[in-house]
Amino acid sequence: MKKYRLLLLIILWSWSWTSTPNFINEVLHYSVSFRYFSAGNATLSMTSDTLNDKMVYLLTSTLKTNSFLSKFYSIRDEIKSWLSLDNLSLIKTMQKIREGRYRRNHNALILGDSLAVSKDHNLELPGNVYDPMAFIYFLRQQKLIEGDQYSFYSYGPKKIKEIIVHITGKEMIKVPEGTHNCYKIEPISGDGKPLLKNNGIMKVWLSEDSLHLPVKIEQNTKIGAIVMQLKSITN
């Protein structure tokens, strides 16, 4: 009987360990360039956390301009997103945006899959919503195949957008961290309108290996290209 209990505990421990995504406690460090000039640094990190006594994941993204660019236009952005263990959908968000003279603090709580409650207003939801960066982590858990597509609802402080994500091809990408064979991911707006401001588009390259690392993230707009390139990983 004791042997049976021990075996059961070992199986349960192994199951819980293997079911934990391999990006938990991972911190991704990026160099950021704007119009091909060094602009600053960014990070993406995912940890385990609790919210209302329930286990959740906490995704934190930061973006900071370097000392030179900050003299002209300073950016100090931090977004914290608490995510469901089941599908990484959004449960709570805290956004602290500092871009030049622009300031925004936005906190919202997602109630089920029907309502987002914030200080400013309430938003009705069509179902589960995602932090756009969190959906990158969702894709990291999938078996990616060229030509496949996914769709999700992206949460914003003022409105919800439907996003359709296409896996459009494969490319070899060289970044400071190393060289990777990657899947090229291209999200577009479900309503046909530009995904970003200034008619901008977005591209993400995920490594072809089992980690599906977000090696490079690029946003092209009328005012120039913003590029994040992976430079190091810490755990």
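Here are some questions and answers about this predicted model.

Q: What makes up the secondary structure of the protein?
A: The secondary structure comes to three helices and 15 strands. Buried residues make up 40% of the 235 residues. The protein exposes about 14,000 Å², and carbon and sulfur atoms supply 55% of that area.

Q: How many aromatic pairs does the structure hold?
A: The structure holds eight aromatic pairs.

Q: Why is the pair of Phe-23 and Tyr-137 called edge-to-face?
A: Rings pair if their centres lie within 6.5 Å, and planes over 60 degrees apart count as edge-to-face. The ring centres of Phe-23 and Tyr-137 are 5.0 Å apart and the planes stand at 80°, so the pair is edge-to-face.

Q: Which parts of the chain does the pair of Phe-23 and Tyr-137 link?
A: The pair links distant parts of the chain, 114 residues apart. Phe-23 is in the loop between α1 (2-18) and β1 (26-34), while Tyr-137 is in helix α3 (residues 132-140).

Q: Are Phe-23 and Tyr-137 buried or exposed, and how do you know?
A: Buried means under 20% relative accessible area. Phe-23 has 1% relative accessibility, so Phe-23 counts as buried. Tyr-137 has 0%, so Tyr-137 counts as buried too.

Q: What makes Phe-68 and Phe-72 an aromatic pair, and of which kind?
A: The two rings are 5.4 Å apart, centre to centre, and the cut-off for a pair is 6.5 Å. The angle between the planes is 65°, and over 60 counts as edge-to-face. Phe-68 and Phe-72 are therefore an edge-to-face pair.

Q: How do you know whether Phe-68 and Phe-72 are buried or exposed?
A: Exposed means over 50% relative accessible area. Phe-68 is at 54%, so Phe-68 counts as exposed. Phe-72, in the loop between α2 (67-70) and β4 (76-83), is at 63% and therefore also exposed. With Tyr-73, these two residues form a nonpolar patch on the surface, with about 390 Å² of accessible area together.

Q: Which residues do ring pairs link into a cluster?
A: Ring pairs link Tyr-130, Phe-135, Phe-138, Tyr-150 and Phe-152 into a cluster.

Q: What lies over the face of Trp-82, and what over the face of Trp-205?
A: Lys-92 lies over the face of Trp-82, at 5.0 Å from the ring centre. Lys-216 lies over the face of Trp-205, at 4.9 Å from the ring centre.

Q: Why does Glu-162 count as partly exposed?
A: Glu-162 has 35% relative accessibility, so Glu-162 counts as partly exposed. The place of Glu-162 is in strand β11 (residues 160-175). Among the residues that Glu-162 touches are Ser-151, Phe-152 and Ile-188.

Q: Which parts does the pair of Glu-171 and Lys-184 tie together, and why?
A: Glu-171 lies in strand β11 and Lys-184 in strand β12 (residues 178-189), so the pair ties together parts that are 13 residues apart in sequence. Their side chains meet in a salt bridge at 3.6 Å, N to O. Glu-171, at 31% relative accessibility, counts as partly exposed, whereas Lys-184, at 15%, counts as buried.

Conventions: Residues numbered from 1 in each chain as written. Predicted model: local features only at pLDDT ≥ 70, side-chain atom pairs only at ≥ 80, totals over all residues. Heavy atoms only, no water. Phe/Tyr/Trp six-rings, centres within 6.5 Å; stacked < 30°, edge-to-face > 60°. Helix = DSSP H or I, 4+ residues; strand = E, 2+ residues; numbered from the N terminus. Buried < 20%, exposed > 50% of the residue type's maximum accessible area, 1.4 Å probe, protein only. Lys NZ or Arg CZ within 6 Å of the ring centre and 35° of its normal. Contact = heavy atoms within 4.5 Å. Salt bridge = Lys/Arg side-chain N within 4 Å of Asp/Glu carboxyl O. Patch = residues over 30% accessible without salt bridge, like charges linked within 9 Å, V, L, I, M, F, W, Y side chains within 5 Å. Areas by Shrake-Rupley, 256 points an atom, 1.4 Å probe, with all protein chains shown as cover. Lists of a residue's contacts leave out its neighbours within four places in sequence.
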